[in-house]
Amino acid sequence: MASDAVRGTLMERIGIEWLDIGTERVVARIPVEGNTQVYGQLHGGATAALCESVASIGTAVATGLQKTVVGIQLSVNHLRAVREGYVTATGVPLRVGRTVAVWDMQVHDDGGNLVAAATLTVAIRDR
């Protein structure tokens with residue numbers, strides 16, 4: 001992902017690192033440090049932002065970067081607390097259609113533990 005594209009965005013603020021970007025899978029991670037809530041655990045909003053970013057970028061790539069894509073419904077189940085290291089989200093498309101895409105994301109900690117599961121519905125629109 002070009003650094004210019006994320007400059008000044010929430011993706012930059014949460015420290016997202018893109019590990020794999022393709023039409024069939026997108027993988028990205030964020031550090032826990034700097035993305036915590038008051039109890040020192042990873043903030044659920046940071047996890048949600050990571051998941052929405054993964055699916056949105058995946059949809060943009062799948063549509064040839066020719067469309068505007070926006071998340072319209074996000075569901076995240078937070079399954080395990082994380083206090084250090086990184087969390088990595090792997091997203092796979094369940095379907096990418098002409099006007100709507102649905103992605104499934106799993107978020108793991110550095111030890112491979114499943115910490116969150118999410119689904120994002122993305123609207124696909126002409127620019």
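This is a predicted model: local features need pLDDT of at least 70, side-chain atom pairs count only at pLDDT 80 or more; totals for chains, interfaces and linings use all residues.
Visitor: How far does α3 reach, then?

Guide: Helix α3 covers residues 44-62, which is 19 residues. From its first C-alpha to its last it reaches 27 Å, close to the 27 Å expected at 1.5 Å a residue.

Visitor: Is α3 mostly covered or mostly exposed?

Guide: Helix α3 is mostly covered, with 14 of its 19 residues buried.

Visitor: What comes just after α3?

Guide: Just after α3 there is G64, which takes a positive phi of about 75 degrees.

Visitor: Turning to the largest nonpolar core, which residues touch the most other members?

Guide: That core has 32 residues, and those touching the most other members are I16, W18, I30, L50, V54, V87 and M105.

Visitor: Which element gives the most to this core?

Guide: Helix α3 does, with eight residues. Elements that each supply at least two residues of the core include the strands β2, β4 (86-96), β5 (100-109) and β6.

Visitor: Changing topic, how many salt bridges are there?

Guide: A search of the whole structure finds three salt bridges.

Visitor: What does R29 pair with?

Guide: The side chain of R29 meets that of E17 in a salt bridge, at 3.3 Å from N to O. This pair links distant parts of the chain, with R29 in strand β2 (residues 26-31) and E17 in strand β1 (residues 17-21), 12 residues apart.

Visitor: Why does R29 count as partly exposed?

Guide: R29 counts as partly exposed because its relative accessibility is 23%, and partly exposed lies between the 20% limit for buried and the 50% limit for exposed. E17 counts as partly exposed too, at 29%.

Visitor: And which residue does D20 meet?

Guide: D20 meets R25 in a salt bridge, at 2.9 Å from N to O. D20 is partly exposed at 28% relative accessibility, and R25 is partly exposed at 41%.

Visitor: What about K67, which residue forms a salt bridge with it?

Guide: K67 forms a salt bridge with D126, and the closest N and O atoms are 2.4 Å apart. The two residues are 59 residues apart and link distant parts of the chain: K67 is in strand β3 (residues 67-78) and D126 in strand β6 (residues 114-126).

Visitor: Is D126 buried or exposed?

Guide: D126 is exposed, with a relative accessible area of 60%, whereas K67 counts as partly exposed at 27% relative accessibility.

Definitions and conventions: Residues are numbered from 1 along each chain as its sequence is written. Side-chain values use heavy atoms; hydrogens and water are left out. A salt bridge is a side-chain nitrogen of Lys or Arg within 4 Å of a carboxyl oxygen of Asp or Glu. Helices (H or I, at least four residues) and strands (E, at least two) are DSSP runs, numbered from the N terminus. Buried means under 20% relative accessible area, exposed over 50%, partly exposed in between (1.4 Å probe, protein chains only). The expected span of a helix is 1.5 Å times one less than its number of residues. A nonpolar core is a set of buried Ala, Val, Leu, Ile, Met, Phe, Trp, Tyr and Cys residues joined through side-chain atoms within 4.5 Å.
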